[in-house]
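Subject: Structure for your review

Dear colleague,

Please find below the structure that I promised to hand over, followed by notes on what was found in it.

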Amino acid sequence: TEDLFEIYYQPVYSTRKKCFITLEALSRLQHPELGWIAPDVFIQIAEKNHMIEQITDLQFSRVCRFLGENRYLMRHLLNVKVNLSSLDLMRNDCSRHFIRIMDAYKIPHNWIQFEITETVATECNASLRRVAEEFTDAGIGLCLDDFGSGFSSLGLLKSFDVDAIKLDRIFFEDIAQKKAQDILCCLIELAHRLHIQVVAEGIETEEQLDFLRTTTCDMVQGYYYARP
Ligand code: C2E
Ligand code: CA
Ligand code: CA
């Protein structure tokens with residue numbers, strides 16, 4: 001209620017255009033006594049206490065306000081990526097709710113791409129299919145986050161349409177191994193065959209980037225280029 005949240009933006013690099021092409025909005029909580037609290041921590045607590053919808057609304061309005069006040073940014077960017085939780089997707093007027101917020105700040109719908117983790121997508125598969133369709137119809141993008149970290153990645157690609165997938169950091173931890181490289185190449189090829197863009201996440205080293213340069217991966221996000 002005191003709104004101690006902030007948003008940090010992490011830029012994502014386009015391998016084709018050779019410049020930053022999108023931003024991911026990441027929440028931060030600055031507690032007066034406890035100090036800085038990581039989103040992994042407070043989002044989990046908020047989900048448990050059914051407060052996540054309020055935080056999402058606060059943060060999503062903040063992103064829309066920021067974009068409304070800095071419209072020139074969008075001359076250079078494709079969209080801004082915003083994370084959603086399962087409870088956000090299960091609210092009954094989910095898509096209309098977010099569209100209302102965007103419209104209030106006069107934000108074109110294609111400026112936003114929502115990110116949903118693979119785990120969340122599995123939890124609310126049925127309702128997600130409907131929401132995903134409504135987002136697509138409204139021109140809002142959808143990205144499957146942490147792709148490959150769970151157990152149902154490929155099944156999810158079959159059951160609903162997404163614009164992008166984000167390959168989980170774990171794939172890039174042992175990038176020197178031929179097996180890891182082969183899996184990544186196949187995943188990128190598979191995504192492209194389905195007309196889905198691919199983002200590599202958690203890229204920190206020159207070695208990881210050297211490998212990515214040999215692939216057709218579309219975007220790269222990580223400390224190598226910029227911290228949030
Ligand atoms: P995520 O969506 O997978 O976001 C990427 C996380 O990886 C971010 O952590 C980012 O700071 C971190 N990261 C980026 N590049 C690198 C890198 O090169 N190396 C390493 N080790 N880490 C990197 P952050 O900001 O702590 O967020 C953690 C998670 O909290 C996010 O994971 C996301 O699932 C969740 N989250 C953050 N903000 C929100 C929000 O507003 N709403 C919801 N529902 N979830 C959020
Ligand atoms: Ca994300
Ligand atoms: Ca991720």
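How far does a polar side-chain atom of Asp40 lie from an oxygen atom of ligand 1? The separation is 3.4 Å, which falls under the definition of a polar contact (a pair of N or O atoms within 3.5 Å). Please bear in mind that this is a predicted model, in which local features need pLDDT of at least 70 and side-chain atom pairs count only at pLDDT 80 or more, whereas totals for chains, interfaces and linings use all residues. Residues are numbered from 1 along each chain as its sequence is written, chains are lettered from A and ligands numbered from 1 in the order in which they are written, and side-chain values use heavy atoms, with hydrogens and water left out.

On the nitrogen side of ligand 1, a nitrogen atom is 2.5 Å from an N or O atom in the side chain of Glu204, and a nitrogen atom is 3.1 Å from an N or O atom in the side chain of Arg169. The protein covers 84% of the 800 Å² of accessible area that ligand 1 has on its own (Shrake-Rupley method, 1.4 Å probe).

Around ligand 1 there are 21 residues, each with a heavy atom within 4 Å of the ligand, and Ser27, Arg28, Ser85, Glu204 and Tyr223 come nearest. Strand E2 (19–31) is one of the elements that supply at least two residues of this shell, and its share, 4 residues, is the largest (strands are DSSP runs of E, at least two residues, numbered from the N terminus).

Best regards

Definitions and conventions. A polar contact is a pair of N or O atoms within 3.5 Å; within protein, one must be able to donate a hydrogen and the other to accept it, and residues adjacent in sequence count only if both atoms are side-chain atoms.
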